[in-house]
Amino acid sequence: MGAPPRDSGVDCPPCVFHDARVSYLVLARKYRPQKFEDLLGQEHVARTLTNAITMGRVHHAFLFTGARGIGKTSAARILAKALCCAQGPTATPCGTCAVCQSISNGQSVDVQEIDGASNTGVDDVRALREGVRYLPAEARKKVYIIDEVHMLSTSAFNALLKTLEEPPAHVVFISATTEVHKIPATIMSRCQRYDFKLLSSQVLVGHLTRILDNEGIAYDPDAIRLVAREAAGSVRDALSLLDQIVAYVGHEKITRDKVTEVLGIADRRLLYQLADQVLARDVAATLRTVADAVDRGVDLIQMSRAFLGFLHDIEIVAAVPDAGDLIDATPEEAGETAALAAKAGKALTLVLFDRWARAVEDAGRSQTPRLVLEMALVDLCQAEPLLPLGDLLERLEKLEGRLAAAGALPPRTPAPVPVPASPPRRPARQSAEGQAAPAVTSASPDSWPPDSDIAEVWRRVRESFGHRPVVAAALDHAEVVSWESGTVTLQFVQRFALDQTAKFKSEIERCLTKLTGTTTRVDLKMASSQGPALLRSEVGREADAAQIDQNQRETEARQHPMIRKAQELFGVSPKEIKIR
Ligand SMILES: [Zn+2]
């Protein structure tokens, strides 16, 4: 088992971006911390290790835990240098002696880096135990850095344990892991544990701007904040994102637009716009925003998660006055968020977050996440704030308790109340009113084929495109508005669905002609009014079905004896019932 190949170069060209081919990770390499005090955001680790070395009380086994890319391996190398430096042991290794340099270059025979992921077997650990017996060749200590130690097999852990139980005085183990819960307790108890923290956005921004200033690269502070946010606390991710961006912009200034472009992320302006449109209940605008974002190459899943984070921020701001420091935003952005929160109100923000969280989850599992997210936006635009039913029920229970104690009420026997069949309370479309499954809703006298056949013919059209998901998805958005004298008119709510369908128009016409035996033309148009359709779109019908299901469950809930009693007692009725 030997040291895996590491970055070999320490001498960087004057401009690290001189050669675009090597730009990946060059920043991370050039700015790798060389001293404990350079460890970003891990001051607690740096201080403890410095003190231990200064006082000559260095443990023989360390366990560094925490997320990826936050400095565990860097800290391990600094610790190795601190213990082995010709000037040491010292908390401030010189970095220039032969030992320090060979450790920096990854060429030291006494400091070995072992990748737990590729050396998982008991034989590997046995080889390590053999090596441990020999004294270091040139340094003061033999240091074994085991990365991703949780990947070791159980037998390898057992073999390692034997070494940890009786370690030779010249050996130090530094294990690092991103998954500390996978480390056996017997190993943990023999190691000194250091928990590395994710870096705050401010710390990352500070680091990135220092590097950019140093490299003489121009930037907008806003753009750098976006990079830091995207790195989610990992300094290595932040630097590799910055590498990508610098390679992309060349010698130009790094701007917010460039960052969103190259990383394919939704920036806060987009999220703000979307939230504003939802609060204005402007369905069409939200769908256009999504379509525009997709056109610009934004990853929808990433955007949906970012929007969830944004709704979370709005909720925090709505619940906590002066929440500026609780959300990751500039003062200006915090002000905008507060304005949205004021517009929405506390009760509505809860509903929006809740519903969108479910949509994000569903979209992650779906083959057609865009459809899921678009339907969820339609849903958000119709969301109503919740009446705090929990409070109401609590008051009711107290009141009931008092009445029962006074002998005014018989013991409660909740009997199931038959639920009358009722029409949906709030149908998504007029055409759906009064029918449970409104597939075919109205007919003009001279329409052909007969309405019942329209549904069947249309079903077969969609079926015949079943093996082509793009066409099928577009057709799911189509409403049949008329079907007369060889012309079928399809109507769309979303422009993108119309555009998609237009690309396959002649194929659809051929298919219809074949199925009906009559030459059939297809007309496409955008939905101009909410008029009734001959045949609802598949997407619309799913929404109707969900609405009907929701209405039925609401009706059942409204009939619950507890709720009815609440209505009698307080003379109020629940405005909305939330069913989980
Ligand atoms: Zn040294």
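This is a predicted model: local features need pLDDT of at least 70, side-chain atom pairs count only at pLDDT 80 or more; totals for chains, interfaces and linings use all residues.
Biologist: At what angle do the axes of helix α13 and helix α17 cross?

Modeller: Axes are lines fitted to C-alpha atoms, for helices over the stretch in contact, and angles run from 0 to 180 degrees between N-to-C directions. The axes of α13 (residues 283–295) and α17 (residues 369–381) come within 9 Å and cross at roughly 150°.

Biologist: How is α13 therefore directed relative to α17?

Modeller: The axes of the two helices cross at roughly 150°. Angles over 145 degrees count as roughly antiparallel. Therefore α13 is, relative to α17, roughly antiparallel.

Biologist: Is the crossing of α13 and α17 left-handed or right-handed?

Modeller: A crossing is left-handed if the near helix is turned anticlockwise from the far one by less than a right angle, and right-handed if clockwise. For α13 and α17 the crossing is right-handed.

Biologist: Which residues coordinate the zinc ion?

Modeller: Donors are N, O and S atoms within 2.8 Å of the metal (3.2 Å for Na, K and Ca). Along the chain, the donors of the zinc ion follow the spacing C-x8-C-x2-C-x2-C. At 2.3 Å, and through their SG atoms, the coordinating residues are Cys-85, Cys-94, Cys-97 and Cys-100.

Biologist: Why is the arrangement around the zinc ion called tetrahedral?

Modeller: Four donors count as tetrahedral if all angles lie between 85 and 135 degrees. The arrangement is tetrahedral because the four donor atoms subtend angles of 102 to 120°.

Biologist: Are Cys-85 and Cys-100 buried or exposed?

Modeller: Cys-85 is in the loop between α3 (72–84) and α4 (98–104), and Cys-100 is in helix α4, 15 residues apart. Relative accessible area sets the class: under 20% is buried, over 50% is exposed, and in between is partly exposed (1.4 Å probe, protein chains only). Both Cys-85 and Cys-100 are buried.

Biologist: What is the relative accessible area of Thr-289?

Modeller: Thr-289 has its place in helix α13. Leaving aside neighbours within four places in sequence, Thr-289 is in contact with Leu-270, Gln-273, Leu-274 and Gln-277. Thr-289 counts as buried because its relative accessible area is 3%.

Biologist: What is the phi of Arg-281?

Modeller: Arg-281 lies in the loop between α12 (268–279) and α13. Arg-281 is partly exposed, with a relative accessible area of 38%. Although Arg-281 is not a glycine, its phi is positive, at about 55°.

Biologist: How far apart are the C-alpha atoms of Ile-508 and Arg-521?

Modeller: Ile-508 is found in helix α22 (residues 505–516) and counts as buried, at 0% relative accessibility. Ile-508 and Arg-521 are 13 residues apart along the chain, and their C-alpha atoms are separated by 8.8 Å.

Notes:
Residues are numbered from 1 along each chain as its sequence is written. Side-chain values use heavy atoms; hydrogens and water are left out. Four donors count as tetrahedral if all angles lie between 85 and 135 degrees; four count as square planar and six as octahedral if opposite donors are over 155 degrees apart and all others between 65 and 115; anything else is irregular. Helices (H or I, at least four residues) and strands (E, at least two) are DSSP runs, numbered from the N terminus. Angles under 35 degrees count as roughly parallel, over 145 as roughly antiparallel, 65 to 115 as roughly perpendicular and the rest as oblique. Contact means heavy atoms within 4.5 Å.
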